[in-house]
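Me: Can you walk me through this one? I'd like to start with a helix and then go through the charged pairs.

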Amino acid sequence: MQTKTRLALVGAGAIGKAHVNAIHRSTRDIDLIAIVDPTDDARAFAESVGVPWYRDLTAMFADHSPDGAIIATPNKLHVSNGLDCIANGCPILVEKPIASSATDARALLIASKTAGVPILVGHHRRHNPLVQAAKHRIEQGDIGEITMIQSSCWFFKPHDYYDLEWRQKRGAGPTIVNAIHDADLLHYFCGDVVEVSAMASNSYRGFEIENSLVANLRFRSGALGTLSVSDAAVSPWSWELTAGENPDYPRTNQDCYHISGTEGAISLPHNLIWHHPAGPDWKSPIAAINAPSMAANPLVAQLANFDDVIRGHGEAVVTGQDGLAALVTIEAMLKSAETKAPVTIS
């Protein structure tokens, strides 16, 4: 590999442009050498940032051998784009969800393993220092054995968001589009999910997709959890509105994750650590201390991890298997809601 890491961007929509911004903000020796997207808007964007534009991956790979590719295309294209990159020996960072279905995701993972080409998945919240600090507290035993976790993903999408008809159809609901990030963090904090029981409602908009879903989760460790999502709920309780990662969303002084164990609890994103100073006892006083962490752009941190993996200097923070686990959990939630029965995950 050359001194600089040469990356291609596949898909120049909103999240693709966010990745370009992360590249520009990164202190790493990274060059964006190509943008692949058939739209006229993407061509204009490529011209505006001075990067060669290509209609498809075949044309791009005919001219370049990038060290890695960021795949930020629509969900249904993730696997086909990923397989093209793997066939060309090109490591990939694929946006969430890793695929439109767990079956397709497994096919991508098999191709990756066979070819020895790394896959990273864009569950960028794991790279947030607030999340890393909470993970460290959990691993060092600050809250004991986790017994309960609660995640809220509540917000109100504007009416014109659903002017695009495909957003009203199966596969585009807030559970897979938004709450998959929350599912990933629940895995990160608590380990594998083994059983899901969920219910959903489309009562507000009446589309094929849900506007709200609530799920009970059982983890292999024995911990229990809840994950609830709604894009028809006026609320300050979602990661977007509480963490301050994206300036497009007004930040609230609230938490949206609560993690409790046998010795203490953590609320996120404020990283308040709760303990009974005299020992666990609901009749004794409980107090919170703040565990501040450094601010950092998680997309820039994610890019640095991708660079490390490409250069052979580190392991992926979010692997393809992690992306599959989050997707399997989301599919189980949707299946349970549809069948009105618990779903076991092997």
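Predicted model: local features only at pLDDT ≥ 70, side-chain atom pairs only at ≥ 80, totals over all residues.

Me: How far does helix 1 reach?
Reply: Helix 1 covers residues 14–25, and its 12 residues reach 17 Å from first C-alpha to last, close to the 16 Å expected at 1.5 Å a residue. Helices here are DSSP runs of H or I with at least four residues, strands are runs of E with at least two, and both are numbered from the N terminus. The expected span is 1.5 Å times one less than the number of residues.

Me: Which of its residues are buried?
Reply: In helix 1 those are Gly16, His19, Val20, Ala22 and Ile23. They cover an arc of only 155° around the axis, which puts them on the same side of helix 1. The arc is taken over directions from the helix axis to the C-beta atoms. Buried means under 20% relative accessible area, exposed over 50%, and partly exposed in between, with a 1.4 Å probe and protein chains only.

Me: And what is on the face turned away?
Reply: That face of helix 1 carries the exposed residues Ala14, His24 and Arg25.

Me: What does the buried side pack against?
Reply: The partners of helix 1 include strand 1 (5–10), strand 2 (30–36) and helix 10 (298–311). Contact means heavy atoms within 4.5 Å.

Me: Switching to charges. How many salt bridges are there?
Reply: The structure holds 17. The criterion is a side-chain nitrogen of Lys or Arg within 4 Å of a carboxyl oxygen of Asp or Glu.

Me: Where do Arg28 and Asp308 sit?
Reply: Their side chains meet in a salt bridge at 2.9 Å, N to O. Arg28 is in the loop between helix 1 and strand 2 and Asp308 in helix 10, 280 residues apart.

Me: Is Asp184 buried or exposed?
Reply: Asp184 counts as buried, at 1% relative accessibility. Its salt bridge partner is Arg126, at 2.8 Å, N to O. Arg126 is buried too, with a relative accessible area of 5%.

Me: What about Arg137?
Reply: Arg137 forms a salt bridge with Asp142, with the closest N and O atoms 2.8 Å apart. Arg137 counts as partly exposed at 23% relative accessibility, while Asp142 counts as buried at 18%.

Technical notes
Residues numbered from 1 in each chain as written. Heavy atoms only, no water.
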